[in-house]
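Trainee: I am new to this model and would like a close look at one part of it, please.

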Amino acid sequence: MSITIERNKLFWASCLALLVTALSFGIRAGIMNKLGTNFNLSTQQLGVITAAAFWGFPLAIVVGGFIVDIIGMKKLLVMAFVLHLAGILLTVFATGYWTLFISTLLIGIANGTVEAACNPLVASLFTDNKTTKLNHFHLWFPGGIVIGTLLVLLLNYVNIGWQVQVAVMIIPTLIYGYLFYTLKFPVTERVASGYSTKDMYKATFLSPLFIFMFICMFGTAVTELFTGQWIDVLLKNVTSNAILILTLTTGVMVIGRAFAGPIVHRFSPQGVLLMSSVVAAIGLYLLSTLTGNAVFFAALVFGVGVCYFWPTMIGFVAENIPKSGALGLNMLGGAGMFAVSIYSIFMGKYYDDLVVKHLPAGSNATGEALETAKSLAGPEVLRLTLIIPIILIVAFTLLTLYMRGRKKEVPVMAVEPSL
């Protein structure tokens with residue numbers, strides 16, 4: 001008996017789950033100062049709480065990549081729902097540092113679990129259009145951050161407390177949990193194609209093409225996510241509206257990913273990655289050199305450059321190395337998040353050293369001298385980071401030449417057993 005797979009409902013449920021992931025970043029970023037005040041937390045404690053989300057995410061996405069074919073995407077997503085709900089409720093009823101830390105860790109694990117299951121799910125639902133649909137799916141991450149930050153601004157304006165702001169996430173969480181629990185799932189594309197677990201491990205850990213993309217993911221993720229996360233710190237002394245740069249960049253990413261289809265079909269995934277690297281390099285250069293309102297133009301260019309990086313990297317592997325299966329997609333995502341965390345630690349120290357370097361001899365690290373030092377240090381960090389997209393231009397040029405004439409494999413879809 002054939003089982004109907006309602007792929008559009010599954011796709012929109014996946015988008016809702018990613019929306020919750022993004023809202024957790026956007027809303028938590030907007031309420032961190034209030035949490036610090038309400039619970040008498042130091043900046044260091046707030047930093048550790050924030051970092052908990054980034055520890056949980058790569059852990060969950062990599063572990064999920066190993067087990068998704070064993071337990072199925074449905075069970076993994078039900079687990080994500082339970083973790084999201086628990087993390088949100090624990091945040092709403094938090095009593096101090098440890099409850100906030102644990103709740104953030106749970107939400108981070110849930111976020112990684114969503115990516116671990118939804119990336120292979122989207123690839124399995126749309127085997128003939130993977131890169132485009134992965135771009136459509138991933139637009140909900142920058143879109144959710146925009147929605148989350150605007151929601152915080154609105155609710156703050158009408159004097160609604162942070163507990164209610166966090167509780168808003170319960171609504172999309174319940175909806176996606178219900179949909180995933182009731183809908184039938186396909187098996188992953190790798191299982192449907194008949195590739196063995198041994199084939200998956202070989203394609204992931206021994207394939208030169210996958211290893212190449214794995215290394216390139218370090219660069220694309222750092223270019224996109226490090227710059228986005230640090231833009232307020234690096235440029236706040238260059239422009240009075242540094243946070244609006246992130247909003248503009250994120251908004252451009254939403255629009256770009258929504259219209260990814262014609263671009264991917266016209267230029268191929270590797271062609272899109274090459275063009276993105278060129279535009280991202282130009283955008284980073286402009287961000288590091290322009291000042292005042294001109295910085296917003298630089299942000300627009302940079303947003304266009306990075307908007308296709310993450311989903312197109314995943315889409316390329318899904319289309320061209322299908323034997324790597326869900327493990328390959330999730331190893332790629334885990335590599336990206338790991339690279340950003342390591343690079344952030346390194347560049348944080350580099351930034352502090354630059355600030356000290358630019359302080360006049362004998363001056364205290366306060367007042368106008370400190371502000372001037374910071375305004376010089378931020379663009380220098382961006383100029384050093386500019387090396388990464390330049391290297392990517394060379395790498396993706398070689399990839400484009402290699403991929404000419406390479407045939408694609410198109411697997412068949414099967415059905416995953418019911419939960």
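Trainee: Are α13 and α14 roughly parallel or roughly antiparallel to each other?

Mentor: This is a predicted model, in which local features need pLDDT of at least 70 and side-chain atom pairs count only at pLDDT 80 or more, while totals for chains, interfaces and linings use all residues. Residues are numbered from 1 along each chain as its sequence is written, and side-chain values use heavy atoms, leaving out hydrogens and water. The axes (lines fitted to C-alpha atoms over the stretch in contact, with angles from 0 to 180 degrees between N-to-C directions) of helix α13, residues 260-289, and α14 cross at roughly 155° and come within 7 Å. The two helices, α13 and α14, are therefore roughly antiparallel to each other, a term for angles over 145 degrees. Their crossing is left-handed, the near helix being turned anticlockwise from the far one by less than a right angle.

On the α13 side, the contact (heavy atoms within 4.5 Å) is made by S276, V279, A280, I282, G283, L284, L286 and L287, and these meet V295, F297, A298, A299, V301, F302, V304, G305 and V306 of α14. By class, this contact has 14 nonpolar, three polar and no charged residues, with Gly counted as polar.

Turning to α14 itself, this helix (a DSSP run of H or I, at least four residues) covers residues 294-306, and its 13 residues reach 19 Å from the first C-alpha to the last, close to the 18 Å expected at 1.5 Å a residue. Its buried residues (under 20% relative accessible area, with a 1.4 Å probe and protein chains only) are V295, A298, A299, V301, F302, G303, G305 and V306.

Key. Expected span 1.5 Å × (residues − 1). Buried < 20%, exposed > 50% of the residue type's maximum accessible area, 1.4 Å probe, protein only. Parallel < 35°, antiparallel > 145°, perpendicular 65-115°, else oblique.
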